[in-house]
Structure formats: structure tokens, C-alpha cells
Amino acid sequence: MKKTHHTTEQIIRILREAEASGQSHEEICRQHNISSQTFYRWKKKYGAMELKDARRYRELERENAELKKIVADQLLNIRVLEAVNSKKW
């Protein structure tokens, strides 16, 4: 899957520009070199967001990724300890 070239803040600015300018979404898509499908997908995902919400969203995603790593490390430690303790000496 191709990675996006636009940040969340840029996406929200494009959506706000489309709302404020009164231009059709086709014109906005042409200006920013995106497809109509991309525009509507962004509108569905980020339509109600403000810039501060997007920043908070990114921060929460980063925190969630850290927590997932911590849980994975703890799970690995638990499994190793269980394997060591299950052996009879």
C-alpha cells in the first residue's frame, strides 16, 4: 500500500479549504493532486477534526504504540519465566 504524502494537518487544511472556498471537490482534488476517492476518504476520517484534535490524535497513536511494545515485552518475559519454571530440576 502506498504511503501518504500528506500530514494530518495538511489533510485538514485541504478539507477546510474545500468548505470555505466554495469550489467543487474536483477542483480541490486537481489543485492538490489527489483523487476524489482520497478526498472523500479523508472527509470521512478527518471531516469533523480540528488541527488540535489531529495533533492529539497523533500523540495518542504514538502513546498507544509505546504501550503495545511494553505489553509485548512483558508478555515475552512472562513466557520465558514460565518456560524456565516449568522444567524440573
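Colleague: Why does E9 count as buried?
Modeller: Buried means a relative accessible area under 20%, exposed means over 50%, and partly exposed lies in between, with a 1.4 Å probe and protein chains only. E9 has 10% relative accessibility, so E9 counts as buried. Please note that this is a predicted model, in which local features need pLDDT of at least 70 and side-chain atom pairs count only at pLDDT 80 or more, while totals for chains, interfaces and linings use all residues. Residues are numbered from 1 along each chain as its sequence is written, and side-chain values use heavy atoms, with hydrogens and water left out.

Colleague: Where does E9 lie, and which residues is E9 in contact with, leaving aside its neighbours within four places in sequence?
Modeller: E9 belongs to helix α1. Contact means heavy atoms within 4.5 Å. With neighbours within four places in sequence set aside, E9 is in contact with L51, R55 and R58.

Colleague: What makes T8 buried or exposed?
Modeller: The value for T8 is 15% relative accessibility, and therefore T8 counts as buried. T8 is placed in helix α1, which covers residues 8-21. Not counting residues up to four places away in sequence, T8 touches Y46 and A54.

Colleague: How many helices and strands does the chain have?
Modeller: Helices (H or I, at least four residues) and strands (E, at least two) are DSSP runs, numbered from the N terminus. By this rule the chain has 4 helices and 0 strands, and its pattern along the sequence is α-α-α-α.

Colleague: How do you know whether N33 is buried or exposed?
Modeller: N33 has a relative accessible area of 70%, which means that N33 is exposed. N33 sits in the loop between α2 (25-32) and α3 (36-46). The phi angle of N33 is near 60 degrees, a positive value in a residue other than glycine.

Colleague: What makes F39 and Y40 an aromatic pair, and why is the pair called edge-to-face?
Modeller: A pair of aromatic rings is described by the distance of the centres and the angle of the planes. Rings of Phe, Tyr and Trp (its six-membered ring) pair if their centres lie within 6.5 Å; planes under 30 degrees apart count as stacked, over 60 as edge-to-face and the rest as tilted. The structure holds 1 aromatic pair. In it, F39 and Y40 are 5.5 Å apart centre to centre, with 80 degrees between the planes, so the definition makes them an edge-to-face pair. F39, at 4% relative accessibility, counts as buried, whereas Y40, at 43%, counts as partly exposed.

Colleague: Why does I78 count as partly exposed?
Modeller: I78 has 43% relative accessibility and therefore counts as partly exposed. I78 lies in helix α4, residues 51-86. The C-alpha atoms of I78 and Q23, which are 55 residues apart along the chain, are separated by 58 Å.

Colleague: What radius of gyration does the chain have, and what would a compact globule of 89 residues have?
Modeller: The radius of gyration is taken over C-alpha atoms, and the globule rule is 2.2 Å times the number of residues to the power 0.38. A compact globule of 89 residues would have a value near 12 Å, but the chain has 22 Å. The C-alpha trace spans about 75 × 25 × 15 Å along its principal axes. Of the 89 residues, 19% count as buried.
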